[in-house]
Number of protein chains: 2
Amino acid sequence: MTNSSSDAPRRPGEFELIAKYFAPLAAPSPGAFGLADDAAFLRVAQGDELVVTVDTLIEGVHFLRDDPPEMIAAKALRVNLSDLAAKTAAPVGYLLALSLPQWADEPWVARFSRGLAEDQKRYSVILLGGDTTATPGPLAISITALGTVPAGAGVHRSGATPGDLVFVSGTIGDAGAGLTILRESQPELPKGARTALVARYRLPEPRLGLGRRLAGIASAALDVSDGLIADLNHIAEASGVRIAVDALLIPLSSHLVELRGDNIGARTAAATAGDDYEIAFTAPAKKRDSLTRIAAETGVAITEIGRVERGGGTVLVGMDGQELSLAHRGYVHF
Amino acid sequence: MTNSSSDAPRRPGEFELIAKYFAPLAAPSPGAFGLADDAAFLRVAQGDELVVTVDTLIEGVHFLRDDPPEMIAAKALRVNLSDLAAKTAAPVGYLLALSLPQWADEPWVARFSRGLAEDQKRYSVILLGGDTTATPGPLAISITALGTVPAGAGVHRSGATPGDLVFVSGTIGDAGAGLTILRESQPELPKGARTALVARYRLPEPRLGLGRRLAGIASAALDVSDGLIADLNHIAEASGVRIAVDALLIPLSSHLVELRGDNIGARTAAATAGDDYEIAFTAPAKKRDSLTRIAAETGVAITEIGRVERGGGTVLVGMDGQELSLAHRGYVHF
């Protein structure tokens with residue numbers, strides 16, 4: 001773990017912070033050298049291929065300063081693990097680039113590292129290295145996650161073929177509703193539903209177990225972060241196909257139905273809300289039975305929601321088979 | 001290349017920015033999928049081990065907003081390549097996590113990507129993936145660099161043994177002097193020397209060619225970023241040894257001598273200034289001849305500057321063999 005210099009000393013003992021809070025997270029990895037080196041060493045088993053991804057979370061954009069530090073840590077790690085899951089990879093470890101403003105004191109760092117420690121156990125990953133920097137700006141966390149797949153077995157965005165079916169794991173729209181609840185409070189909603197939906201927004205559940213089972217089954221896959229339709233459209237573009245999603249088939253949680261009812265408006269909102277971190281994928285029709293078995297074995301629902309056709313673009317189809325018009329497909333990036 | 005969402009649209013077409021400026025940088029890598037996937041795939045040759053490192057550069061801390069974007073890009077990449085060099089690794093590729101404030105417009109991104117393109121050619125590395133995010137804070141760049149070494153051949157910080165000699169590549173103190181010139185102007189210094197010293201601060205030269213040759217030769221190595229004495233002390237700590245550096249042997253450039261003269265004060269300043277990005281390493285005395293040959297073949301000066309002893313800590317020794325007292329050893333981190 002290296003560390004970057006600042007002309008303005010802010011907090012005593014950055015090396016001590018690393019030694020106290022982050023080195024223990026790297027202890028199980030011989031190639032991390034207790035974070036006391038410039039780089040981490042990692043052996044990739046023969047026949048395996050490395051899968052690597054990076055995502056940044058920024059205070060005020062992806063989380064709020066007052067959010068529990070454990071949860072910020074978990075979210076930063078999980079959005080990356082979700083990328084690995086969608087590529088059918090087994091996670092190995094991660095590098096942490098942490099930019100700390102002055103307000104992030106030692107107790108904050110302690111809680112943040114505790115959040116990482118819990119998720120390391122939960123997902124069998126190890127801190128391999130990183131960089132901590134003082135910043136005059138918002139707190140920022142970039143995590144680079146590394147995983148492996150058997151060489152050549154990884155699933156990409158470009159493999160969808162006309163005739164394939166479209167599937168999605170879990171339920172869609174919960175996280176988007178959770179964000180709305182955080183913003184608008186919605187006190188009329190029962191506390192149980194509020195808590196469940198907000199939790200889906202705050203703490204994604206990377207579908208690692210399911211993801212690994214999709215090797216050799218899915219023709220294309222990704223995790224839903226921008227919104228179901230927006231993300232499926234990435235598959236459509238990369239594969240040169242058209243994707244039609246049946247709005248009535250999109251899996252909604254009972255909590256979401258409690259909040260919004262079950263109607264086309266609610267389904268359209270769910271399909272364009274984002275932050276779901278479910279796996280959306282395409283697969284040949286002959287894989288239906290395998291998927292039923294995988295869903296049963298992993299305990300993660302898999303729902304058939306549409307089909308891959310010749311053409312381009314992604315459409316949401318309503319009850320009468322008509323294309324629904326969408327005000328937006330998902331998050332608008334800068 | 002994934003992208004993170006912001007509620008405040010700032011700049012049209014982030015996907016377009018990626019497609020236009022970053023996808024071409026990833027084009028040579030089949031595992032990067034033109035940045036149109038969630039993760040990059042990388043095969044590590046049998047018998048090789050992966051080396052991975054991350055460093056963050058932040059506007060206002062590590063560079064200034066008005067610095068040329070090409071130079072910011074190059075520096076962000078090179079500080080990481082320097083870490084790989086010190087581990088004797090051959091660089092392979094990198095992931096870029098870029099946090100863009102509103103002021104960083106398309107021309108800025110274009111110039112930034114041009115800087116990366118030039119260094120990709122220079123150092124034979126390829127963009128493998130990344131993440132771009134809008135930020136309300138300062139511009140920030142986290143680069144994760146990946147390289148390989150023959151399995152088991154990597155050099156770490158912990159291998160120094162009493163009796164080993166201490167070496168450093170290139171010259172020391174130039175970058176620190178360059179920073180002083182930028183801050184204090186120093187108009188009395190001839191323009192050629194000013195330009196050369198400022199360039200050493202702004203654009204480190206990762207010692208990749210030399211680094212690869214140190215496998216099997218160096219017993220411990222790192223790149224000098226915090227300051228020669230501070231960094232050698234990391235080796236001393238990790239190896240459980242004492243390191244004594246002879247101030248009179250520290251290699252100074254003619255430009256630095258022109259600025260500061262050649263005296264103990266100037267040498268002490270050089271040894272504690274940082275940002276050199278030279279390789280400091282230890283090696284058994286019997287490797288002296290090999291190192292002479294390697295210096296000649298790589299065209300990079302290698303200077304013997306001290307010795308490894310029993311004990312702990314790192315000291316700078318003056319003309320009379322007396323320990324010099326240091327006001328500070330190197331950069332003070334937060």
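The structure is a predicted model.

Chain B is a handy place to start. Here six strands make up an open sheet, running in the order S8-S10-S7-S11-S9-S12 with mixed pairing. The edges belong to strand S8 (220–223) and strand S12 (313–317) of chain B; each has a single partner strand, so one side of each goes without a neighbour in the sheet. Going from one strand to the next, the twist averages 25°.

Zooming in on that sheet, strand S7 (residues 165–169) of chain B lines up with strand S11 (residues 302–309) of chain B in the antiparallel sense, and the two share five bridges. One of the residues involved is Ser169(B), whose bridge partner in S11(B) is Ile302(B). A helix comes into the picture here too: helix H10 (residues 288–298) of chain B packs on the sheet, where H10 touches S7, strand S10 (279–283) and S11 of chain B. The direction of H10 makes about 150° with that of S11(B).

As a bit of background, strands of a sheet pair through backbone hydrogen bonds, either parallel or antiparallel. In chain A, strand S7 (residues 165–169) and strand S11 (residues 302–309) pair in the antiparallel sense over five bridges, with Ser169(A) finding its bridge partner in Ile302(A) of S11(A). S11(A) also pairs with strand S9 (residues 242–246) of chain A, again in the antiparallel sense, this time over four bridges. In that pairing, Ile243(A) has Val308(A) in S11(A) as its bridge partner.

Now for the helices of chain A. Helix H2 (residues 69–86) and helix H3 (residues 106–123) of chain A pack with their axes 7 Å apart, at an angle of about 40°. H2(A) and H3(A) are therefore oblique to each other, and their crossing is right-handed. On the H2(A) side, the residues that meet H3(A) include Ile72(A), Leu77(A) and Leu81(A); on the H3(A) side, Trp108(A), Phe112(A) and Leu116(A) are among them.

Because Glu70(A) sits in helix H2 and Arg111(A) in helix H3 of chain A, the pair ties together parts that are 41 residues apart in sequence. Over all chains, a search of the whole structure turns up 34 salt bridges.

Methods. Residues numbered from 1 in each chain as written. Chains lettered and ligands numbered in written order. Predicted model: local features only at pLDDT ≥ 70, side-chain atom pairs only at ≥ 80, totals over all residues. Heavy atoms only, no water. Pairing = 2+ DSSP bridges. Axes fitted to C-alpha atoms, helices over the stretch in contact; angles between N-to-C directions. Contact = heavy atoms within 4.5 Å. Parallel < 35°, antiparallel > 145°, perpendicular 65-115°, else oblique. Left-handed = near helix turned anticlockwise from the far one by under 90°. Salt bridge = Lys/Arg side-chain N within 4 Å of Asp/Glu carboxyl O.
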